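Here is a walk through one protein model, from its overall build down to single residues. Keep the structure open and follow along.

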Amino acid sequence: MKKITCLIAFLTLIHLTSFGQNTCATAQSITAGVYTVSAVNGTQVPSPVCAQNGTGATAGEWYAYTPAEDVHVTVTSDLAQNAGGDTRVHVYNGSCAALNCVAGDDDSGVITGTSGTSYLSVVQFEATAGTTYYIAFDNKWNSNGFDFELLEDEPLPPGIFSFTTVSLPTSGSFGLAVVDMNGDHLDDVVTVSSSNINLQIQTSTGFTAMNISTPTADWTPDWSMAIGDYNADGYNDLLYGAWGGVTFMRSEGDMTYTKHTYNDASVASQRTNFVDLNNDGHLDAFVCHDVAPSVYYINDGNGNLSFYQSSTSGAPYELANYYSGGNYGSIWVDYDNDRNIDMFIAKCGGAFPRYVNQMHHNTGTGYVENAAEIGLDDDDQTWSSAWGDFDNDGDMDVFIGASSGPHVLKMNNGAANNYSFTDITASSGVSALTATSREHVTFDFDNDGYLDIVSGGNILRNNGDMTFTLAANVFSGSGSYGDLNNDGFIDARRGSNIYLNNGNSNNWITISTVGTASNINGIGARVEIHTPSGMQIRDVRSGDGFEFMNTLNTHFGIGTDTTIDSIVIYWPSGTVDTYTNPTINTHMIATEGETLSIEDETLVSTVIYPNPAKSTLFIETPVSLTGKIATVFDLNGKRVLNTKLETNSLDVSHLGSGMYLLRIEEHGKSITRKFIKE
């Protein structure tokens, strides 16, 4: 019970205690201030449900709020006197006979009780002068009384982190994904249960529900889900990760699914990914193991997977091979711009060194753990990390999000410093975010051309100078991201709600990658755009953050730029496509190999020798080759060697006898020379 310290405070609270808000029609009118709810026992249950965790309430308490001017509103029960409480709130506009969700929240608070966990509510929305908003609390979890506060602030700038909440109920226990499922490249909403995939298929006018029965999964996605088309039939497949093991739900070319386990091993799954580990053009799968070395599944080229554990003799790769696990958040990212996809592991739990973060550097022929060498061997407690080029200098930086303790931002020092990392947390502003989360990802929400960081329900807005400004409690907890109305702005999905980005006047482009020699999703591709303002980069990933699956489309905001000079896509196969002067504010489908290569005029006089070569191939050219990418293809077009040049020579000793093509490439321009290996 809250302690009252003076008669004035007592009388004020009595005045603000509500008596007549059992229904929407009798909602108590309120303004900014603190209010006491004696008990949640009103006769009208809030509907539709605007917060997480579905239906189940039997009572509600109703308030009506009408601002005199446009304001940014926060409604919060996250107050010290409520520690240990559990509330859920919904915000509506419209009439009592036809309510529309504006916002809602269940558990975004940070003030905890004896359990150490907060179940209090914080919701924010943009309120328009003269519009009545109905604020309703329900008894989904209990009917106990509590205090809440309504705060008014200056409205956010138009379109910047302003979202409209729309109820989109789905069936299924696990609402984990925003990704295309029917092959039209538009993001859909995916919810699953043990024997069902429930889809909300995006159309030009909204969503169409589709319910697909599946074989009963041995393991459901209790911890995470990854999505990708590993049998290349044109429809995405699902990977469920649970504490005891993983289940693959594989589409059979017509959106019917078969269940596959591929092994009998017990896997304490955390983050799951689809990725082409051996770069043979077919998607493999990687699964973080919490209590043992991590596991992966190699594709035979026909959509069948073989199980390996990193510690097993004969396993092709040693990845996250710590004996007691601690592997939580894997993310595949080309941190050193050598066109080989690397893997960073966010580690957590147990004793040092179990929770020391790892970077598995892809050398082109295997993986080498080198986190200590490049400054990423932090002993943070983290479940995931957010990777992106936050300063638009052409290389990937990282936000290492804490599940406990402080967050960390590290800047990539680039080629001149061997792509090492420097901790810039102190000067970046990210320390303003004190709330922790297990979910950290990055998107450009306001399309200004700079990647923002989303952590739980909070956004760190990128100011464009490697500093960030906190926008707290933008969303009600964690979820998945994509463009849910194909308008070029990134939206969010939380439980039974979607948050549609209200947008602004900034320009954009969205690119869907379709592999031919590479995996069909283009997972692992680097997409690079060049505009009058500079360059931006993205990597195509399946599985970032910890639990959820986000869009496979690459999205770029370009701010006030009205043209894009070029788009360059570096495919996992080694193919490079360059598109010049693409149309802005469009969703573009890019198919591997559909553009002609661009010759590097500075390398036209290049000579290679000896030819035939036994072990070393020398390259004679008038310009420095340092930093350029050397790729060797066999005559079938398969990439057999890929490395970043440091000298004017190339080791080809491991290649078999035969004829090959050497390509030297930088910034999308290249030359090709033929050679024979003895």
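This is a predicted model. Begin with Phe137. Its relative accessibility is 1%, so Phe137 counts as buried. Phe148 is buried too, with a relative accessible area of 0%. These two rings form a pair. Their centres lie 5.0 Å apart and their planes meet at 45 degrees, so the pair is tilted. Both numbers are needed, because a pair of aromatic rings is described by the distance of the centres and the angle of the planes. The partners come from two strands: Phe137 sits in strand E8 (residues 133-138) and Phe148 in strand E9 (residues 146-153).

Phe163, Phe443, Phe445, Phe475, Tyr481 and Tyr499 are linked by ring pairs into a cluster. Charged side chains also meet rings. Lys140 lies over the face of Trp141, 5.0 Å from the ring centre. Over the ring of Tyr570 sits the charged end of Arg339, at 3.7 Å from the centre.

Now step back to the whole chain. What is it built from? The protein chain has three helices and 52 strands. Its radius of gyration is 26 Å, close to the 26 Å that the globule rule gives for 678 residues, so the chain is as compact as a globular protein of that length. Along the principal axes, the C-alpha atoms fill a box of roughly 95 × 55 × 50 Å. Of the 678 residues, 59% are buried. The accessible surface comes to about 24,700 Å², and carbon and sulfur atoms account for 51% of that surface. Contacts reach across the sequence as well. Take those between residues at least 6 apart: 57% of them join residues at least 24 apart.

Next, look inside. In soluble globular proteins, nonpolar side chains tend to be buried together. Here the largest nonpolar core has 52 residues. Val190, Leu238 and Ile567 have the most contacts inside this core. Strand E11 (residues 174-179) gives the core its largest share, four residues.

Met466 is in the loop between strand E33 (458-462) and strand E34 (468-471). Is Met466 buried or exposed? At 9% relative accessibility, Met466 counts as buried. Beyond four places in sequence, Met466 touches Phe390, Asp391, Asp397, Met411, Ile424 and Ser428. Its C-alpha atom is 9.9 Å from that of Thr425, which is 41 residues away along the chain.

Gly325 is another loop residue, between strand E22 (305-309) and strand E23 (327-333). Gly325 has a relative accessible area of 0%, so it is buried. Beyond four places in sequence, Gly325 touches His289, Asp290, Val291, Ala292, Pro293, Lys347 and Arg354. Ile30 lies elsewhere: from Gly325 it is 295 residues away in sequence and 52 Å away in space, C-alpha to C-alpha.

Finish with the backbone. Most residues other than glycine have a negative phi, and most peptide bonds are trans. Some places here depart from that pattern. Arg339, the residue over the ring of Tyr570, has a positive phi near 70 degrees. Arg339 is found in the loop between E23 and strand E24 (342-347). At 18% relative accessibility, Arg339 counts as buried, since the cut-off is under 20%. Tyr419 also has a positive phi, about 55 degrees, although it is not a glycine. Tyr419 lies in the loop between strand E29 (408-412) and strand E30 (421-423). With 10% relative accessibility, Tyr419 counts as buried.

Then come the cis bonds. The peptide bond from Ser47 to Pro48 is cis, with omega near 5 degrees. Pro48 is in the loop between strand E2 (33-37) and strand E3 (60-65). The bond from Asn611 to Pro612 is also cis, with omega near 15 degrees. Pro612 falls in the loop between strand E46 (607-609) and strand E47 (616-620).

Terms used:
Residues are numbered from 1 along each chain as its sequence is written. This is a predicted model: local features need pLDDT of at least 70, side-chain atom pairs count only at pLDDT 80 or more; totals for chains, interfaces and linings use all residues. Side-chain values use heavy atoms; hydrogens and water are left out. A nonpolar core is a set of buried Ala, Val, Leu, Ile, Met, Phe, Trp, Tyr and Cys residues joined through side-chain atoms within 4.5 Å. Buried means under 20% relative accessible area, exposed over 50%, partly exposed in between (1.4 Å probe, protein chains only). Rings of Phe, Tyr and Trp (its six-membered ring) pair if their centres lie within 6.5 Å; planes under 30 degrees apart count as stacked, over 60 as edge-to-face and the rest as tilted. A charge sits over a ring if NZ of Lys or CZ of Arg is within 6 Å of the ring centre and within 35 degrees of the ring normal. The radius of gyration is taken over C-alpha atoms; the globule rule is 2.2 Å times the number of residues to the power 0.38. Contact means heavy atoms within 4.5 Å. Accessible areas come from the Shrake-Rupley method with a 1.4 Å probe; for residues, only the protein chains shown count as cover.
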